[in-house]
Amino acid sequence: MGFHNSSVIIDGNYIKKLRLDTKLNHSDFANMLGVSGTTILNWEANKSYPSQLHIANLMQLRNKVDNFKKNNANDDVGKVLTNVLIAGGIAGILFWLFKQD
């Protein structure tokens, strides 16, 4: 099941792969999205599904991670996100996610 948007299916596999690509644990990934670690576990297990807002945030994050990897091949996206999380918390992550390119 999951959410289908164009050619992208947002399901547990998509969410888990995105979390692993960010190199964040469940708790930090959850904090970044404003949900609990249990929610992330449930999403990854397809026991529940993200809201439309969270789907939009996940897709935006996927685009940012892909662009970051393409433009910064020698940098670790997980370290960057962790530093942003430590330095600015959720507000810093949201700014990074939604800033104009």
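The side chain of His 54 comes within 3.3 Å of the backbone oxygen of Leu 33. That's a polar contact, meaning a pair of N or O atoms within 3.5 Å, where within protein one must be able to donate a hydrogen and the other to accept it, and residues adjacent in sequence count only if both atoms are side-chain atoms.

Keep in mind that this is a predicted model, where local features need pLDDT of at least 70, side-chain atom pairs count only at pLDDT 80 or more, and totals for chains, interfaces and linings use all residues. Residues are numbered from 1 along each chain as its sequence is written, and side-chain values use heavy atoms, with hydrogens and water left out.

His 54 sits in helix H4 (residues 52–71); helices here are DSSP runs of H or I with at least four residues, strands are runs of E with at least two, and both are numbered from the N terminus. With a relative accessible area of 16%, His 54 is buried (under 20%; exposed is over 50%, partly exposed in between, with a 1.4 Å probe and protein chains only). Leaving aside neighbours within four places in sequence, His 54 is in contact (heavy atoms within 4.5 Å) with Leu 33, Val 35 and Trp 43.

Now look at where H2 meets H4. Phe 29, Met 32 and Leu 33 in H2 meet His 54, Asn 57, Leu 58 and Leu 61 in H4.

How far can you trust all this? The protein chain has a mean pLDDT of 78, pLDDT being the predictor's confidence in each residue, from 0 to 100. Among its elements, H3 has the highest mean (96) and strand S1 (residues 3–5) the lowest (51).
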